[in-house]
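Please open the structure in your viewer and keep the selection tool at hand.

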Amino acid sequence: MAGYDYDLFVIGGGSGGVRAARIAAGFGARTGIAESSRFGGTCVIRGCVPKKLLVYASRFADEFGDAAGFGWRVPPATFDWTALISAKDQEIARLEGIYEANLLKAGVTLHRTRAELVGPQTLRLVDEGRTVTAERILVATGCRPQRMPDLPGSELAITSDDIFHLPRLPERIVVVGGGYIAVEFACLLHGLGSRTTLVYRGDEILRGFDDDLRRALRTAMQQRGIEVVLQCLPRGISRGADALWVELSDGRRLAADQVLLAVGRTPSTAGLGLESAGVELGRDGSVRVDACSRSSTPGIFAVGDVTNRVNLTPAAIREGQAFAESEFGGRPTAVDHALVPTGVFTTPELGTVGLTEAQARERHGQVLIYKSEFRPLKATLSGSRERVLMKLVVDGATDRVLGAHMLGADAGETAQLLAIALRLGVTKADLDATLAVHPTAAEEWVTMKGPMA
Ligand code: FAD
């Protein structure tokens, strides 16, 4: 493809962009990639991975507490935020290095710069002060946290990007938001020792998840000592002598050392020059694409969060892979966004795949619900108040399992395995015919009696 500097130029070195670049280069495409921050993107640098490391850290408090019931005498534990952040930083730097090395090994040319489009096949590499041309361009610029610009004092608040580099663990934190990022940070900060208040405008946390699990998680969070304030908005943030003050719409004032805004993420398309190339954007600024990640402009594609389809790492990776296979591997591949399993790494953890009860009732005539709620074996000796909730949503007409939802330890791991079964069309009768692993919590999936409704 002479005449162009590259066969493919990828803007953004996160989950989707890196996968697409590596696979395309593997097919022999001359590939360049620009990253304005750090290779690895949100997931590796300021998302899934560092968050999960902090989640692990936060759960030791429970383990120390539980140990006494099993005969252990643990001296009072102390926690060192600086040590945790420094260990986390080392691991993230190692992963970043692996991402870069894998790109180089695949033959991709790395550009450490912001890139912008100046036409359908021309890009400006801002920090290199030059332009390059490419036959195909892939936009994989992800999303960035929203900041509530209309909230007076919002500049005093932090976002999830900042939390990983705070100089100290806040003694008191107000988390604004009710999505998965907000509840995960509320739980992990509480576990590490912050006095935590979650403020959310909706009437229940985790919109879009199964209602029983939403309620059960919120109750568990409250029992663990997190204050959850629903149907309430922050009206302003101001700095006092020794605290930030958050004014709430219910008239209350909360003192905090940090205020974390986790109120959504905006596709990173501002200033990217997409309009100059005629690329159609959605109202939220996302790049509009078809099932094969093609934008409205021939030769320009987009994958990952910037398309605002399913904003999760595995979806971005799968979309990047499918794009490269379609365009350079001669295997047109559309990504199936149905049955996306997901974990919410709160404590207790939530794992889910398939339809919620409400979604199933909208789409199917007869829906059967099987539920099991119990105290896990470990809690009998530890004395923990923790409970496990498992729920199956079954199509009454076909016996097919439409959704499986769990709140409890390792629910994310469980959701991954259940996703395979659901993809294969598992029925309730198949689950009933499966032998249990005893004693586990997971055996409830194959021993549930019912239905409840
Ligand atoms: P990104 O990974 O965001 O990569 C985009 C990259 O493009 C960035 O590195 C950015 O610097 C770069 N960039 C932007 N503009 C330009 C430009 N003009 N020029 C050059 N480079 C540019 N997902 C899960 O599946 N599980 C989780 O547990 C999970 N936890 C999360 C926790 C948090 C706190 C956050 C914020 C997200 C989490 N996610 C999780 C979501 C996940 O991180 C994203 O879905 C995923 O990273 C999307 O990948 P992407 O390639 O689309 O974008």
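The stops below visit a pocket, a surface patch, a cavity and several salt bridges in this predicted model.

**Stop 1: the second largest pocket**

Select P376, K378, E386, G408 and A409. Of the 32 residues lining the second largest pocket, these five are the closest to its centre. The volume of this pocket is about 810 Å³. Next, colour α3 (48-67), α10 (377-382) and α11 (411-423), the elements that each give two or more residues to the pocket lining. With 6 residues, α3 gives the most. The lining comprises 14 charged, 12 nonpolar and 6 polar residues.

**Stop 2: a nonpolar patch**

Now centre on W72, which lies in the loop between α3 and α4 (81-106). Is W72 buried or exposed? Its relative accessibility is 60%, so W72 counts as exposed, the cut-off being over 50%.

**Stop 3: the largest cavity**

Select S58, R59, D62, C187, H190, G191, R224, I226 and T347, the residues that line the largest cavity. The volume of the cavity is about 50 Å³. By class, its lining has 4 polar, 3 charged and 2 nonpolar residues.

**Stop 4: salt bridges**

Side chains of opposite charge can pair when their charged atoms come close. The whole structure holds 33 salt bridges, and three of them are shown here.

- Select K88 and D89, whose side chains meet in a salt bridge at 2.7 Å, N to O. K88 is buried, with a relative accessible area of 2%, whereas D89 is partly exposed at 30%.
- Select K391 and D210, a salt bridge with its closest N and O atoms 2.8 Å apart. This pair links distant parts of the chain, 181 residues apart: K391 is in strand β20 (residues 388-395), and D210 is in the loop between β9 (195-199) and α7 (211-223). Both K391 and D210 are buried.
- Select E227 and R252, a salt bridge with its closest N and O atoms 3.0 Å apart. E227 lies in strand β10 (residues 227-229) and R252 in the loop between β12 (244-248) and β13 (253-256), so the pair ties together parts 25 residues apart in sequence.

**Last stop: a network**

Finally, select D210, D212, R215, E357, R361, K371 and K391, which salt bridges with shared partners join into one network.

Note on methods:
Residues are numbered from 1 along each chain as its sequence is written. This is a predicted model: local features need pLDDT of at least 70, side-chain atom pairs count only at pLDDT 80 or more; totals for chains, interfaces and linings use all residues. Side-chain values use heavy atoms; hydrogens and water are left out. On a 1 Å grid over the protein atoms alone, a cavity is a set of points where a 1.4 Å probe fits but cannot get out, and a pocket is an open set with protein on both sides within 12 Å along at least five of seven lines; lining residues have an atom within 4 Å of a point. Grid points are joined across faces, edges and corners, and a volume is the space filled by probe spheres set on the points. Helices (H or I, at least four residues) and strands (E, at least two) are DSSP runs, numbered from the N terminus. Ala, Val, Leu, Ile, Met, Phe, Trp, Tyr, Cys and Pro count as nonpolar, Asp, Glu, Lys and Arg as charged, and the others, Gly among them, as polar. Buried means under 20% relative accessible area, exposed over 50%, partly exposed in between (1.4 Å probe, protein chains only). A salt bridge is a side-chain nitrogen of Lys or Arg within 4 Å of a carboxyl oxygen of Asp or Glu.
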